[in-house]
Every structure is written in C-alpha cells, then in structure tokens.
Amino acid sequence: MNRDRFRTLIEGALGIWRVDAALSFSEIETRCGIVVNGEEVASVGAETQPFGMVWRIQEPGRRDRIHPSIGPALRGLREILRPDRAVGRVLFVADDGK
C-alpha cells in the first residue's frame with residue numbers, strides 16, 4: 001500500500017466514524033499518529049514484511065496490536081477511537097482511474 005492510499009483510508013475511516021482528530025502522517029513510512037483532544041491516542045501503520053502486509057496499531061502504554069489484514073486492523077482502530085460505534089462492514093473498491 002502506498003502512502004497516498006494509506007492516507008485516504010485512514011482519513012476516510014475517521015471521517016465515517018466521526019472522529020475529530022489531528023492526524024500526522026509520516027513522510028517516509030506508511031504510518032499515522034492520531035491525537036484527540038490534545039492527547040496522542042494511537043498510531044497506525046502498514047508494513048511490508050517478507051510474508052505480506054502487516055498492520056500495526058500502537059497505543060501509549062499498551063502492547064502493539066499486529067494484524068495480518070486490513071479488516072481486523074480497522075476493527076481494532078475503531079475499538080480504540082469509537083468504542084461506542086456499532087460494528088459495521090467496509091467495502092473496498094479498486095480505483096480504476098475513471
């Protein structure tokens with residue numbers, strides 16, 4: 001996943017969940033820090049490993065959550081940012097440039 005698509009995904013998810021957050025995207029990694037009400041609540045990143053893509057969610061003072069696919073990673077991020085939101089489904093559609 002390139003950084004532009006990652007940014008679109010994270011901004012879109014937080015928009016759908018109605019999370020008012022300041023996002024800081026890395027210029028060199030596929031990573032984003034999330035600050036809510038002036039407090040860092042999480043960072044999320046996508047890493048390419050020899051066996052495939054890995055999604056890592058970090059919360060201050062907690063062990064990293066590592067997910068092998070985007071679905072569980074988004075679910076974990078929603079649980080951190082909007083635990084009051086009902087669980088839903090996400091549909092991904094390829095961008096064919098049209």
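I started at arginine 56, which stands opposite isoleucine 66 in strand 5. This is a predicted model, where local features need pLDDT of at least 70, side-chain atom pairs count only at pLDDT 80 or more, and totals for chains, interfaces and linings use all residues. Residues are numbered from 1 along each chain as its sequence is written, and side-chain values use heavy atoms, with hydrogens and water left out.

**Strands**

I looked up the other partner of arginine 56 and found glycine 45. I then checked strand 3 (residues 39–49) against strand 4 (residues 52–58): they pair antiparallel over seven bridges. Strands are DSSP runs (E, at least two residues), helices likewise (H or I, at least four), numbered from the N terminus. Pairing needs at least two DSSP bridges between two strands. Two residues separate strand 3 from strand 4 in their hairpin.

Next I took strand 4 with strand 5 (residues 65–67), which run antiparallel and are joined by three bridges. Their hairpin has six residues between the strands, and I noted glycine 61 in the turn with a positive phi of about 80 degrees.

**Helices**

I traced helix 1 (residues 3–17) past helix 2 (residues 70–81): their axes come within 11 Å and cross at roughly 45 degrees. So helix 1 is oblique to helix 2. Axes are lines fitted to C-alpha atoms, for helices over the stretch in contact, with angles from 0 to 180 degrees between N-to-C directions. Oblique is what remains after roughly parallel (under 35 degrees), roughly antiparallel (over 145) and roughly perpendicular (65 to 115).

I listed the contact (heavy atoms within 4.5 Å). Helix 1 gives Leu9, Ile10, Ala13, Leu14 and Trp17; helix 2 gives Ile70, Leu74, Leu77, Arg78 and Leu81.
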